[in-house]
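User: Could you take me through this model before I plan around it?

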Amino acid sequence: MFATIIILAILTVLLWPAIRTILALRRAQKQAQQAFSQARRAAQEESRRNRPGGWSAGEAGSAPQQHPRRKKIDPSVGEYVEWEEVKVSSTTTDSSGKSTRTTVTEEQITDVEWEEL
């Protein structure tokens with residue numbers, strides 16, 4: 001009985017600093033996570049305030065205003081090329097009659113003439 005008490009006392013003296021260290025590390029880790037999440041939220045709020053167009057001041061989740069895009073190349077430049085999409089597919093079957101693979105091939109355009117400008 002006396003030996004058990006001595007062993008428990010020794011284990012308590014040896015384990016208590018390790019337990020305190022583990023608890024302190026966990027506390028520090030939680031504080032670091034909270035600090036990073038607060039910094040992330042602050043950065044998101046700051047970027048939300050600085051968005052162009054003023055749409056960020058509206059409702060949460062509202063979409064930004066879309067500006068119509070203009071074509072970069074004038075429509076009068078170049079010529080219209082007619083084309084037709086051709087789909088060719090083939091299926092391979094094995095001896096049991098089940099299809100194993102389907103391949104889709106496209107024809108290559110060969111009648112285009114390029115002209116250097």
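Analyst: The notes below go from confidence to fold to surface. This is a predicted model, in which local features need pLDDT of at least 70 and side-chain atom pairs count only at pLDDT 80 or more, while totals for chains, interfaces and linings use all residues. Residues are numbered from 1 along each chain as its sequence is written, and side-chain values use heavy atoms, with hydrogens and water left out.

User: What is the mean pLDDT of the chain?

Analyst: The mean pLDDT (the predictor's confidence in each residue, from 0 to 100) is 76, and 64% of the residues reach 70 or more. Over residues 56-61 the pLDDT is below 50, and beyond near neighbours in sequence this stretch has 3 contacts in the model, a contact being heavy atoms within 4.5 Å.

User: Which pattern does the chain follow?

Analyst: Along the sequence the pattern reads α-β-β, with 1 helix and 2 strands; these are DSSP runs, helices being H or I of at least four residues and strands E of at least two, numbered from the N terminus. Helix α1 spans residues 2-49 and contains I7.

User: And how much counts as buried?

Analyst: Of the 117 residues, 1% count as buried, meaning under 20% relative accessible area with a 1.4 Å probe, protein chains only.

Methods. Buried < 20%, exposed > 50% of the residue type's maximum accessible area, 1.4 Å probe, protein only.
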